[in-house]
Amino acid sequence: MKTQQVELLPTLTKEAVNDVTGYQLCGYLIALEGWRRGLELKWYRDESSLCKLHRMFSSTHGKFYSLSNGDTLHYFYRSRGDKVANKSVTICLDKEKTKAFLEKGNVPVPKGKTLETDEAIIDYANEIGYPVIIKPLKGSMGKGVYTNIDNEAELTAVLKELRNSYSYRQYIVEKHYGGKEYRVYVVGDKVIGATNRIPANVVGDGINTIEKLIELKNNERKKNPYLATKPIEVDYEVNSMLKRAGYTVDSIPAKDEQVFLREKSNLSTGGDPIEATDELTDEVKQIAVDALKALPSLPHAGLDIIVNPEDNRKGVVLEINGTAEIGFHLFPLEGKARDVPGAIMDYYFPETIGKEKSNFYFDYLCMLEPLKKYAVDEMKVIRTPAINMYAKKYTVTGKVNQVGYLGFIKRQALKNDLFGHAKKINKKTVEVYLIGEEKEVLDTFKKTVEKGNKKSSVEKVEEQDLVYTNEPRKTGFQVITKTNRR
């Protein structure tokens with residue numbers, strides 16, 4: 001598998017989003033951006049009376065939060081803020097209604113119709129001509145979507161699979177349009193990011209079977225914070241796609257041969273997110289902006305566009321997602337990360353534009369535990385650390401390991417609003433690294449380091465003033481007991 005070229009935002013390291021997945025990642029990315037700008041951040045438990053945003057029949061746990069500058073307060077659910085009208089969210093959930101609003105706003109859309117019976121679906125497909133696309137009227141995440149269906153026999157087989165696997169009654173049948181498909185994110189009058197979603201695929205090496213290549217690719221996807229929980233799974237669609245190409249999962253593709261496993265490009269079913277904002281022409285970007293304006297009070301959202309392969313100034317809008325995932329814009333498989341959270345914060349809190357930000361991050365998953373257990377109604381994240389801080393290191397020698405010394409240092413550091421760590425170096429040595437807003441507090445902490453707890457015995461303390469750098473680091477104070485190998 002070739003090495004992918006990715007340029008991530010320097011402030012969003014993999015450590016900063018460690019183990020945060022799915023829809024929680026969307027909310028966390030925006031909340032973190034606002035908090036880093038000095039805004040007050042609160043998270044709310046499920047069933048909060050404050051939740052007036054359309055929940056899309058889903059739990060709000062870990063996804064509902066607020067940001068405030070003291071004068072202005074905004075609520076958010078996942079990637080969606082309270083400036084997005086609930087009416088528009090409801091419209092976006094119904095593809096037929098969305099299409100009607102887009103047509104009224106003179107936004108180009110595919111030719112299609114919503115139908116219920118198999119007979120009506122087949123008759124309409126024969127009328128408009130193949131290839132066609134079929135998708136549930138009220139589906140999401142690519143479930144039940146089949147594209148590029150070439151003939152009536154294929155459509156009949158697809159309908160049989162849909163009826164056996166899903167409970168959807170109504171389906172949209174549309175003319176299939178060739179060309180690249182993009183997920184575009186718009187904020188206000190500007191396209192912030194565009195991702196070319198490539199359908200699930202593997203590239204042959206002349207040695208491994210397709211089944212093994214899928215396993216290897218899934219291992220690579222696990223390294224990407226967004227794709228980690230979205231593996232390629234072998235199902236009816238994959239087997240059908242391979243059969244059409246004359247393959248099975250046991251086939252061994254030639255070296256560098258790309259084998260597509262699905263027609264649809266949904267990332268949740270194994271697609272590849274390739275950053276492609278600069279590929280879009282100004283005309284296509286305007287189509288995306290106009291699409292959001294066609295719906296009431298929809299200032300930011302994601303939408304799917306297919307660009308005409310014969311004229312890249314033209315395209316058709318497939319659908320709009322009022323609560324779109326944004327993680328792949330920050331963690332593409334290839335290309336440069338696009339700062340969607342930054343653009344959303346610029347829109348809601350314009351007074352923070354250009355403001356220097358702290359690069360600390362907080363332990364999101366740990367913080368949510370009390371909410372999950374219904375122990376509290378809300379959780380307020382600590383005040384954003386200052387930009388300009390002081391750093392100091394104390395190297396402590398003596399009876400300081402396995403006597404409670406590290407835990408003692410942690411408690412005292414937290415009492416003094418200090419960040420950092422206490423780390424075991426060897427049997428007799430501990431490193432105490434401290435970060436704080438006041439140099440005097442760091443200096444006087446030496447007395448605490450020297451005194452220690454009742455069971456410890458400090459023989460020597462070496463101190464060193466360090467230059468603080470505003471690099472990504474976690475809030476709080478960590479105890480590290482793993483000994484360094486020398």
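Predicted model: local features only at pLDDT ≥ 70, side-chain atom pairs only at ≥ 80, totals over all residues.
Figure 1. The axes of α4 and α5 cross at roughly 150°. They come within 11 Å. Helix α5 covers residues 152–165. The crossing of these two helices is right-handed. On the α4 side, the contact is made by Asp118, Ile121, Ile122, Ala125 and Asn126. On the α5 side, the residues are Glu152, Leu155, Thr156, Leu159 and Arg163. Sorted by class, this contact of α4 with α5 has five nonpolar residues, two polar ones and three charged ones.

**Figure 2. Four strands form an open, antiparallel sheet.** Read across the sheet, the order is β6-β9-β7-β8. Strands β6 (112–115) and β8 (146–149) sit at the edges. Each edge strand pairs on one side only. From one strand to the next, the twist averages 20°. Helix α4, made of residues 118–128, packs on this sheet. Helix α4 touches β6, β7 and β9 (171–175). The direction of α4 makes about 10° with that of β9.

**Figure 3. Strands β7 and β8 run antiparallel.** Strand β7 spans residues 132–136.

**Figure 4. Helices α12 and α13 pack at an angle of about 150°.** Helix α12 runs through residues 405–415, and helix α13 through residues 439–451. Their axes are 10 Å apart. Why do α12 and α13 count as roughly antiparallel? Their angle is over 145 degrees, so the pair falls in that class. In which hand does α12 pass α13? The crossing is right-handed. Helix α12 brings Tyr405, Phe408, Ile409, Gln412 and Ala413 to the contact. Helix α13 brings Phe445, Thr448 and Val449. By class, the contact of α12 with α13 has six nonpolar residues and two polar ones, with no charged residues.

**Figure 5. Residues 391–481 carry a domain label in the UniProt record.** The unreviewed UniProt entry places the feature "domain: Acylphosphatase-like" here. Over residues 391–481, the chain is 26% helix and 45% strand. The end C-alpha atoms of this stretch are 21 Å apart.

Key:
Residues numbered from 1 in each chain as written. Heavy atoms only, no water. Pairing = 2+ DSSP bridges. Axes fitted to C-alpha atoms, helices over the stretch in contact; angles between N-to-C directions. Contact = heavy atoms within 4.5 Å. UniProt positions renumbered as here; feature names shortened; annotations may be inferred. Left-handed = near helix turned anticlockwise from the far one by under 90°. Nonpolar A, V, L, I, M, F, W, Y, C, P; charged D, E, K, R; others polar. Parallel < 35°, antiparallel > 145°, perpendicular 65-115°, else oblique.
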